[in-house]
Amino acid sequence: MKVSPSLLPILRSRMQGELLALLLLHPEREYSITELAAEVGVTPTAVLREVDRLAGGGILVDRRVGRSRLVKARTDTPLYPPLSELMAVSFGPVPVLIDVLAGLEGVERAYIYGSWAARYNGEPGPPPADVDVLVVGAPDADALFDLAEEASRRLRREVNVHRVSVGAWEAAPTDDPFLTSVRERPLVRLNLEPEAL
């Protein structure tokens with residue numbers, strides 16, 4: 001039996017939430033079915049089924065270019081503003097944090113941890129009040145603060161960023177109670193590789 005995602009139980013699946021967040025939070029961009037499948041980590045067939053449903057409901061629009069099918073959010077309907085806000089506060093942290101962190105020099109890896117990561121991984125509970133982000137590396141602290149502010153604004157909730165060095169993160173075992181706690185709970189790794197954008 002398919003389980004609704006804890007982040008937004010009105011959706012059918014986590015994949016549906018990830019797909020909608022990606023498309024609705026990047027309304028200016030067209031994606032191929034192959035790109036969407038790579039971004040959400042499922043097969044092109046699974047994405048195609050979901051795209052067909054969402055395009056049939058007027059949430060997405062598509063067009064063909066040669067053998068490719070390009071898809072984007074439909075922004076000219078009354079559904080777009082409230083639906084994009086809903087996706088920003090539920091599944092938005094992954095695409096938004098990838099957007100803001102991917103180009104920052106000194107970031108080796110980044111993870112979402114805490115209650116949002118727990119809900120993303122299916123743990124039931126109320127909607128998280130904030131988003132906790134662990135940045136591994138040595139980015140400029142001021143630049144990181146500014147990006148956290150930008151992410152907070154886009155996600156309409158507080159984004160807390162904690163920075164640790166590569167050495168501290170890779171040390172095992174660690175005597176740092178914060179890192180021990182983070183490692184024991186669900187983590188969502190952010191794919192900051194350029195080809196993932």
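Two strands pair if DSSP finds at least two bridges between them. In this predicted model, four strands form an open sheet by that criterion, in the order 6-5-4-7. The pairing in the sheet is mixed. Strand 6 (158–164) and strand 7 stand at the edges. Each has a single partner strand, so one side of each is left without a neighbour in the sheet.

Strand 4 spans residues 107–113. It pairs with strand 5 (residues 130–137) in the antiparallel sense, over six bridges. Within this pairing, Arg109 has Val136 as its bridge partner, and Tyr113 stands opposite Asp132. Strand 4 is also joined to strand 7 (residues 188–189). These two strands run antiparallel and share two bridges. Here, Tyr111 stands opposite Arg189. Strand 4 is mostly covered, with six of its seven residues buried.

Arg109 lies in strand 4. Its relative accessible area is 16%. The cut-off for burial is under 20%, so Arg109 counts as buried. The side chain of Arg109 makes a polar contact with the side chain of Glu170, at 2.7 Å. Glu170 is also one of the residues that Arg109 touches when positions up to four places away in sequence are not counted.

Terms used. Residues are numbered from 1 along each chain as its sequence is written. This is a predicted model: local features need pLDDT of at least 70, side-chain atom pairs count only at pLDDT 80 or more; totals for chains, interfaces and linings use all residues. Side-chain values use heavy atoms; hydrogens and water are left out. Buried means under 20% relative accessible area, exposed over 50%, partly exposed in between (1.4 Å probe, protein chains only). A polar contact is a pair of N or O atoms within 3.5 Å; within protein, one must be able to donate a hydrogen and the other to accept it, and residues adjacent in sequence count only if both atoms are side-chain atoms. Contact means heavy atoms within 4.5 Å.
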